[in-house]
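Work through the exercises below with the model open. Each task is followed by its solution.

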Amino acid sequence: EGDPFDVTVVDADGRIGIAYGVYGVPETYVVDAAGLIRMKHTGPMTVQDLQDKLLPIIARLKAEAGKAKAS
């Protein structure tokens, strides 16, 4: 329970939303350590979306980060 996110952002003046192409709520983004959008999901996040889209890309990014640290 509680907030499941590592980071949440408030965009009070809308500038970040414009830069990222936000056009509706809800939208979910995965942003990598370099600040690149690696995934965008528009609409509610279902359990199936979580399992099929979100968790695999997070796992892949974690693996890439681990390889980069080992180099």
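**Exercise 1.** Find where helix 2 bends, and name the proline that follows.

Solution. Helix 2 bends by about 30° at Leu-54, the bend being the angle between axes fitted to the seven residues ending there and the seven starting there. Pro-56 follows within four residues. The model is predicted: local features need pLDDT of at least 70, side-chain atom pairs count only at pLDDT 80 or more, and totals for chains, interfaces and linings use all residues. Residues are numbered from 1 along each chain as its sequence is written, and side-chain values use heavy atoms, with hydrogens and water left out.

**Exercise 2.** List the buried residues of helix 2 and the strands they pack against.

Solution. Buried means under 20% relative accessible area (1.4 Å probe, protein chains only). Asp-49, Leu-54, Ile-57 and Leu-61 qualify. They pack against strand 1 (27-31) and strand 2 (37-42), with contact meaning heavy atoms within 4.5 Å.

**Exercise 3.** Which residues form the largest nonpolar core?

Solution. A nonpolar core is a set of buried Ala, Val, Leu, Ile, Met, Phe, Trp, Tyr and Cys residues joined through side-chain atoms within 4.5 Å. The largest has five: Val-30, Met-39, Leu-54, Ile-57 and Leu-61. Helix 2 (residues 47-70) gives the largest share, three residues. Leaving aside neighbours within four places in sequence, the contacts of Met-39 include Val-30, Leu-54 and Ile-57.

Notes
Buried < 20%, exposed > 50% of the residue type's maximum accessible area, 1.4 Å probe, protein only. Helix = DSSP H or I, 4+ residues; strand = E, 2+ residues; numbered from the N terminus.
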